[in-house]
Amino acid sequence: MLLEKMLQSQGFGSRKHCQQLIKNAAIEIDGQIITDPKYKLKLDALHYKVHGESFEYREKVYIALNKPEGYECSHQATHHFSVFDLFDDVLLNRGIQCVGRLDQDTTGLLLLTDDGQFLQALTHPKKHVVKVYRMQTADPVTDEQVQQLEQGVELRNEKGSFAATDVKRLAECELQMTVHQGVYHQVKRMLAAVGNKVESLHRQQIGALDLTGIPDLVEGRWTYLNAEQVALAKTRNDLESEGI
């Protein structure tokens, strides 16, 4: 691939802008400043520098964000910050999108990517990719409520029954459960359907990718996922035989 095309593919701007970067001696590869926009590159394990900052060539990007409270999953946030404010222009130029959404008051694991197939694999209803949530509830969680969540509840304007699995009381007003769909405000609506209310909500896991298994990912920070982590996120539970 030509150097100018590689830079453009990685989010460094228009082809003309990338050409100018190269001509201005801003690009370094293997310790050598490259000033020819038509310089031919091998992309395997390619590392390079732009204005002295190190980068790695990535055909597609897969990102995990430990989302803080007060951020909307929208480019045009209205009442709060946007999660896209947490990323630089290089990534934004790649057109990264949220893989599903978290409400502004929900924290935890949020994935972003510029890979449409990956996004589809995690968000299509038929894929049954699990999500694990932890929450604080307004009232103590009863045995009856746990049973109702596991058996399934109906949600207004939604077809069918919505059941959770692995429902665990972590404390009197603290609950963890796994859901297999992704309808609007699902967890909050499920708790309301059994007579309780979510006070705070945190997504701990997507597929088999657990937030605690991503080193040093403190709240408000993001990191690139490696191939193994991407595969974990796509791990699905085939629950069709159970009618869920």
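In the hairpin formed by β15 and β16, where 2 residues lie between the strands, G207 adopts a positive phi near 60°. Helices (H or I, at least four residues) and strands (E, at least two) are DSSP runs, numbered from the N terminus, and two strands are said to pair if DSSP finds at least two bridges between them. The structure is a predicted model, in which local features need pLDDT of at least 70 and side-chain atom pairs count only at pLDDT 80 or more, whereas totals for chains, interfaces and linings use all residues. Residues are numbered from 1 along each chain as its sequence is written, and side-chain values use heavy atoms, with hydrogens and water left out.

Strand β3 (residues 47-50) is joined to β4 by 4 bridges, and the two run antiparallel; K49 stands opposite S54 in β4. In a regular strand the side chains alternate between the two faces of the sheet.

For residues 1-69, UniProt lists "domain: RNA-binding S4" in an unreviewed entry; such positions are given in the numbering used here, feature names are shortened, and annotations may be inferred rather than shown by experiment. The span of residues 1-69 is 23% helix and 28% strand, and its end C-alpha atoms lie 41 Å apart.

A search of the whole structure finds 7 aromatic pairs, where rings of Phe, Tyr and Trp (its six-membered ring) pair if their centres lie within 6.5 Å, and planes under 30 degrees apart count as stacked, over 60 as edge-to-face and the rest as tilted. One of these pairs, between F12 and F55, is edge-to-face, with 5.0 Å centre to centre and 85° between the planes. This pair links distant parts of the chain, since F12 lies in the loop between α1 (3-9) and α2 (15-23) and F55 in strand β4 (residues 53-56), 43 residues apart. The rings of Y48 and F55 have their centres 5.8 Å apart and their planes at 20°, so this pair is stacked.

Salt bridges, defined by a side-chain nitrogen of Lys or Arg within 4 Å of a carboxyl oxygen of Asp or Glu, come to a count of 8. In one of them the side chains of E4 and R15 meet at 2.7 Å, N to O, and this pair links distant parts of the chain, with E4 in helix α1 and R15 in helix α2, 11 residues apart. E4 counts as buried at 0% relative accessibility, whereas R15, at 35%, counts as partly exposed.

The closest N and O atoms of a salt bridge between E158 and R189 are 3.2 Å apart. Here too distant parts of the chain are linked, E158 lying in the loop between β11 (153-154) and β12 (161-162) and R189 in helix α6 (residues 186-193), 31 residues apart. E158 is partly exposed, with a relative accessible area of 28%. Salt bridges that share partners join E4, R15 and K38 into one network.

E56 also forms a salt bridge with R58, the closest N and O atoms being 3.5 Å apart. At 36% relative accessibility E56 counts as partly exposed, and R58 counts as partly exposed at 21%. The charged end of R58 additionally sits over the ring of Y224, 3.7 Å from its centre, a contact that requires NZ of Lys or CZ of Arg to be within 6 Å of the ring centre and within 35 degrees of the ring normal.

Terms used: Buried < 20%, exposed > 50% of the residue type's maximum accessible area, 1.4 Å probe, protein only.
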